[in-house]
Amino acid sequence: MHTIFVCSDAVGETANTVVQATIRQFNASQVQVKRYGTIRTEDEVRSVVEEAARVGGFIAYTLVLPELREMMRQEAIRVNVNAIDIMGPMMQAFIDTFKGSPKRKVGLLYQLDEQYYQRVEAIEFTVNSDDGKDPNAMKQANIVLLGPSRTSKTPLSIYLAHKGNKVANYPLVPEVRPPATIYELEPSKVIGLTMKPDYLVRIRSERLKAVGLPFGAKYATRERVDEELAFAMKLYKELGCRIIDVSGKAIEETAGLILED
């Protein structure tokens, strides 16, 4: 098992996002990520570097305070550990280009400002509107996701909510007519999710296996998947909404396609 250490003087979300995006580019099933947040002292930096040296891993770090960044650099050289500074070069480029001066204050990304409370409100709304729990909530949503089962509606909704968007999602099943509310929505805020049939059959089969249900259940047959996808595509065309094929896409990639509009 290989180990990547995420080290930060805040929560480490920035470095972790970069690390996870990198891992997905490799066949890296044997890679684990260890996060060390709220680092404040040189001793803590030294401890992480020495642990990385012991297990043969490397470090991705976001340290705002220059003395901690320098300590990380020196310690990594001392014990021959690869340490990647995620934020430092970007801050230096800002200084060199725009002649700005950084605040050198940790945790600015997560300060309890107005944006923070908007994000919390969006997450609460999205959780309460998951899986068609409250069809009427779709009118208040910024984004409405439609799609058959296992097309990433819930994880995509939560990710978008963390970006401050109120998201509602609704599962499409041929036997159930969608609520009238869906037809009243502005098409620009509705996203129809689809997936290549082979992908969806495989994902559903894995889901059946995970919950201990028979592999041959109708839910995961190609015939059923084709029926559901055809039903969904017909509805999307009726609504005039945007359609996104999520086959093989990471949640962040799909979210990026949605937010670019």
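A crossing of two helices is left-handed if the near helix is turned anticlockwise from the far one by less than a right angle, and right-handed if clockwise. The model is predicted: local features need pLDDT of at least 70, side-chain atom pairs count only at pLDDT 80 or more, and totals for chains, interfaces and linings use all residues. Residues are numbered from 1 along each chain as its sequence is written, and side-chain values use heavy atoms, with hydrogens and water left out.

**Exercise 1. Describe how H2 and H3 pack.**

Step 1. Locate the helices. H2 covers residues 42–55 and H3 covers residues 66–78. Helices are DSSP runs of H or I with at least four residues, strands are runs of E with at least two, and both are numbered from the N terminus.

Step 2. Two packed helices are described by the angle between their axes and the distance between the axes. Axes are lines fitted to C-alpha atoms, for helices over the stretch in contact, and angles run from 0 to 180 degrees between N-to-C directions.

Step 3. Read the values. H2 and H3 pack at an angle of about 30°, with axes 9 Å apart. Their crossing is right-handed.

Step 4. Find the residues that meet. Contact means heavy atoms within 4.5 Å. From H2 come Glu42, Val45, Arg46, Val49 and Glu50; from H3 come Glu67, Leu68, Met71, Met72, Glu75, Ala76 and Arg78.

**Exercise 2. Walk through the loop between H5 and S5.**

Step 1. H5 spans 114–128 and S5 spans 143–147; Gly132 sits in the loop between them. Asp131 and Lys133 lie in that loop too.

Step 2. Take Asp131. Its phi is near 60°, a positive value in a residue other than glycine. Asp131 is partly exposed, with a relative accessible area of 45%. Buried means under 20% relative accessible area, exposed over 50%, and partly exposed in between, with a 1.4 Å probe and protein chains only.

Step 3. Take Gly132. Leaving out residues up to four places away in sequence, Gly132 touches Asn169, Tyr170 and Pro171. Asp226 is 94 residues away along the chain, and the two C-alpha atoms are 22 Å apart.

Step 4. Take Lys133. Lys133 counts as exposed because its relative accessible area is 57%. With residues up to four places away set aside, Lys133 touches Val127 and Asn128. Arg78 is 55 residues from Lys133 in sequence and 56 Å away, C-alpha to C-alpha.

**Exercise 3. Is Thr194 buried or exposed, and what does Thr194 contact?**

Step 1. Thr194 belongs to strand S7, residues 190–194.

Step 2. Check the area. Thr194 is buried because its relative accessible area is 11%.

Step 3. List the contacts. Beyond neighbours within four places in sequence, Thr194 is in contact with Leu229, Met233, Ile243, Ile244, Asp245, Val246 and Ser247.

**Exercise 4. Examine Ser152.**

Step 1. Ser152 is in the loop between S5 and H6, the helix at 153–162.

Step 2. Check the backbone. Phi of Ser152 is near 75°, a positive value in a residue other than glycine.

Step 3. Ser152 is partly exposed, at a relative accessible area of 25%.

**Exercise 5. Summarise the chain.**

Step 1. Count the elements. The chain has 10 helices and 8 strands.

Step 2. Along the principal axes, the C-alpha atoms fill a box of roughly 65 × 40 × 30 Å.

Step 3. Of the 261 residues, 37% count as buried.
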